[in-house]
Amino acid sequence: MDQQQRYQDKADFFDEHARSPWSADPYGPQELQKLQHLFGCIGSLAGKQVLEPGCGTGRLTRILAEQVGPKGRVLACDISPIMLSMASDQVQDFPQARVVSSQVEDLQVEPNTFDVVMCHQVFPHLENQQACLDRFAELLKPQGQLVIHHLINWDQINDVHRKAGTAVERDIMPSDMTLKSMLAQAGFEVQWLYDNQWGYGVLSVNTTCG
């Protein structure tokens, strides 16, 4: 099965689950606490250019639009048409946010555009993770931040996907050692990594010259 077909299968899966509680319901108090912890770790997003690959139903997209403010910009993309429609509704009152249909590998954006790539709850679903990291390095400005984040820890991420028995059952988060090696190969320097009660989070900085 080729990459395009695997992405189509995933798009169908996420279309089917677009209105499931885990994808459509507003973040609960504990999830919001974890996001607040994350934003505290990465610093202010005010006025920044942010890319959100795999935005899903736009729950985080709306928060990012609020965080960057009117002088910033959020570009969010996804492969699920139904989730994209829901994400568009989430940010309809935020002119600084735009939602597009695209997989990361095909995203049509100029290099050195973004200050932050916010890879929230999506990294295991990327088909060629190394190629996507390379693409993120191209799209980020020098010293731009790549954030990989999940609301659950590493063990839980992989356990949920393995048990799914669907198009996402092979979507696995790499080990810390493997991920750090992949990031280094793409030109990123890891600033911190946590895997605990706050979920799973990695911040790395783009060291390429563009």
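Me: Which helices and strands each supply at least two residues of the lining of the largest pocket?
Reply: This is a predicted model. The helices are α1 (3–16), α2 (21–24), α3 (29–42), α4 (59–68) and α7 (154–162). The strands are β1 (49–53) and β2 (73–78). The largest share, 4 residues, comes from α1.

Me: How much space lies in the largest pocket, and what makes a residue count as part of its lining?
Reply: About 920 Å³. A lining residue has an atom within 4 Å of a pocket point. The lining has 42 residues, and F14, W22, Q121, H125 and H161 are the closest to the centre. By class, 20 are nonpolar, 15 polar and 7 charged.

Me: Which residues lie nearest the centre of the second largest pocket?
Reply: R6, E127, A167, R170 and D171, out of 14 lining residues. This pocket holds about 270 Å³ of space. Its lining divides into 5 nonpolar, 2 polar and 7 charged residues. R6, R170 and D171 are named near the centre; Arg and Asp count as charged. α1 gives the most to this lining, with 3 residues.

Me: Why is V109 called buried?
Reply: Buried means under 20% relative accessible area. V109 is at 17%, so V109 counts as buried. V109 lies in the loop between β3 (97–101) and β4 (114–120).

Me: What does V109 touch, not counting residues up to four places away in sequence?
Reply: L75, F114, R135 and L139. Contact here means heavy atoms within 4.5 Å.

Key: Residues numbered from 1 in each chain as written. Predicted model: local features only at pLDDT ≥ 70, side-chain atom pairs only at ≥ 80, totals over all residues. Heavy atoms only, no water. Buried < 20%, exposed > 50% of the residue type's maximum accessible area, 1.4 Å probe, protein only. 1 Å grid on protein atoms, 1.4 Å probe; cavity = no way out; pocket = protein on both sides within 12 Å on 5 of 7 lines; lining within 4 Å. Points joined across faces, edges and corners; volume = space filled by probe spheres on them.
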